[in-house]
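Student: Please examine the following model with me, with attention to its pockets and its helix packing.

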Amino acid sequence: MYTRQEASQLRQEFWTTFGQYMSPILSAEGEKVNWINYKTGEKHIHFKMDAANRSASIGIVVSHPDPDIQQLYFEQFVQLRAALHASLGEEWKWEMLEYDETGKLASRIYTTLDETSVLNKSHWPALISFFKPRMIALDEFWSNARYAFELLR
């Protein structure tokens, strides 16, 4: 078992390592990007990576405070589902209007990697191999798809 401080330090070390690993990779538009805190340019659309004690996940989170507008955002993603899955090379799970870990209503499109732990350094290569291609694919998808969301602002 790790103390809370040791676990926090390991998580921070993992994300620092991942950020350093990804830093030379340019976006689909040829620009430098902060892969860990990826900016979509849309206030209520986020690309989220999470590495926990027993699993990891990556996905798109839509968190508009107005449920009707959030549904419009999600429906726009549904229209782009084929393009998203083509960029990713795999099918992801889709959840409309679920409560997130903070109790806020959010919609998610995501995938998970089970039986890995960010607290186990021997799992870090698997976690990096899980996050890297999917984050690059999300960026590639978003470089074309973001224009479809400008009308919803």
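**Pockets and helix packing**

Tutor: The largest pocket holds about 410 Å³ of space. The model is predicted, so to speak from a record of coordinates: local features need pLDDT of at least 70, side-chain atom pairs count only at pLDDT 80 or more, and totals for chains, interfaces and linings use all residues. Residues are numbered from 1 along each chain as its sequence is written, and side-chain values use heavy atoms, with hydrogens and water left out.Student: Which residues lie closest to the centre of the largest pocket?

Tutor: A pocket is an open set of points on a 1 Å grid over the protein atoms alone, where a 1.4 Å probe fits, with protein on both sides within 12 Å along at least five of seven lines; lining residues have an atom within 4 Å of a point. The lining of the largest pocket has 21 residues. Closest to the centre are Lys48, Val61, Asp100, Glu101 and Arg108.

Student: Which element gives the largest share of that pocket's lining?

Tutor: Strands are DSSP runs of E with at least two residues, and helices are runs of H or I with at least four, numbered from the N terminus. Two or more lining residues come from each of strand 1 (45-51), strand 2 (55-62), strand 3 (93-99) and strand 4 (105-114). The largest share, 7 residues, comes from strand 2.

Student: What is the volume of the second largest pocket?

Tutor: This pocket is lined by 13 residues, with Ile36, Asn37, Tyr38, His46 and Phe47 nearest its centre. Strand 1 gives the most to the lining, with 5 residues. A volume is the space filled by probe spheres set on grid points joined across faces, edges and corners. For the second largest pocket the value is about 230 Å³.

Student: Why are helix 3 and helix 4 described as oblique?

Tutor: Angles run from 0 to 180 degrees between N-to-C directions of axes fitted to C-alpha atoms over the stretch in contact. Those under 35 degrees count as roughly parallel, over 145 as roughly antiparallel, 65 to 115 as roughly perpendicular and the rest as oblique. The axes of helix 3 (residues 81-88) and helix 4 (residues 124-145) come within 8 Å and cross at roughly 140°. The two helices are therefore oblique.

Student: At what angle do helix 1 and helix 4 pack?

Tutor: Contact (heavy atoms within 4.5 Å) joins residues including Phe14 and Trp15 in helix 1 to residues including Phe131 and Ile136 in helix 4. The axes of helix 1 (residues 4-22) and helix 4 are 11 Å apart. Their packing angle is about 50°.

Note on methods. Residues are numbered from 1 along each chain as its sequence is written. Side-chain values use heavy atoms; hydrogens and water are left out.
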